[in-house]
Amino acid sequence: MSAAVIQLLVLAGIAIFLILRLRSVLGTREGFEKPPLSVNESKADRSAGRPEFEVIEGGVDHDITNHAEEGSPTAEALAQMKRAEPSFNVGEFLHGARGAYEMILMAFEHGDIEQVSRFLSPDVHDAFNQVLEDRASQGLTIKANFIGVRELSLLSAEFDQTTDTGEITVRFVGELTSVVRNAEGDVLEGSENEIKRQRDVWTFARRMGAGDPNWQLVATGG
């Protein structure tokens, strides 16, 4: 037997071995691919043993139910806000509210609310300004340092369909250090080394679908 014949037999053996190995790994395929299921095919005709998934139109909006009880007035108000402004996202709003809380709170503590005036309704701006004027008249100064927001939760929401205005009330628990001094520099309250918790309930409002994306603080409480 010539060397060429022996070489062909060896190559053929290797080819058969590889084919058998591929079949053991990939399986076999017989005939043509099965045609796709018809859109009119009944449920009974679908492959047995395969879990069936059904897409539900208008299902639960977890962006809402993560923060409000499903079916509650608050959840419905949030849904109406989304209908008025499809890009509105509750989670993103709360993230922004967290930043607004720190920014407005520290501007108030430092006695300079003008830098955040566009985020305050006229009533809230006037109320804050009155407190700052009373503080200045008594010669009081405050040195504060914001530590962070320990808790944040959405309490309620309302939507006025006549004006497309949404209102969302949020509860904050902030942590900060604060020292109050009199005109002579004596410490009247607080400590730079003592972290205190501050609880606030703030209501933000905005006309949904408006060009201005900023919410305004329209009411405060404890």
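The buried residues of α5 pack against α4, β1 and β4 (216–221). Buried means under 20% relative accessible area, exposed means over 50%, and partly exposed lies in between, with a 1.4 Å probe and protein chains only. Helices (H or I, at least four residues) and strands (E, at least two) are DSSP runs, numbered from the N terminus.

A word on the source. This is a predicted model, where local features need pLDDT of at least 70 and side-chain atom pairs count only at pLDDT 80 or more, while totals for chains, interfaces and linings use all residues. Residues are numbered from 1 along each chain as its sequence is written, and side-chain values use heavy atoms, leaving out hydrogens and water.

Back to α5. Which of its residues are buried? They are Val 124, His 125, Phe 128, Leu 132 and Arg 135. They sit on the same side of α5, because they cover an arc of only 100° around the axis. That arc is taken from the directions from the helix axis to the C-beta atoms. The face turned away carries the exposed residues Pro 122, Asp 123 and Ser 137. After α5 comes Gly 139, with a positive phi near 75°.

Now the whole protein. It has 5 helices and 4 strands. The order is α-α-α-α-α-β-β-β-β. Of its 222 residues, 30% count as buried.

Next, the core. A nonpolar core is a set of buried Ala, Val, Leu, Ile, Met, Phe, Trp, Tyr and Cys residues joined through side-chain atoms within 4.5 Å. The largest one has 41 residues. Leu 78 and Phe 88 are among those with the most contacts inside it. α4 gives the most, with 11 residues. Leu 78 touches Ile 64, Ala 68, Phe 88, Val 90, Leu 154, Ala 157 and Ile 168, leaving aside neighbours within four places in sequence. Contact here means heavy atoms within 4.5 Å.

Last, salt bridges. Each is a side-chain nitrogen of Lys or Arg within 4 Å of a carboxyl oxygen of Asp or Glu. How many does the whole structure have? The search finds 9. Take Arg 206 and Glu 85, with closest N and O atoms 2.8 Å apart. Arg 206 is in strand β3, Glu 85 in the loop between α3 and α4, 121 residues apart. Both are buried. Compare Arg 83 and Glu 76, also bridged, at 2.8 Å, N to O. Arg 83 is exposed, at 57% relative accessibility. Glu 76 is partly exposed, at 38%.
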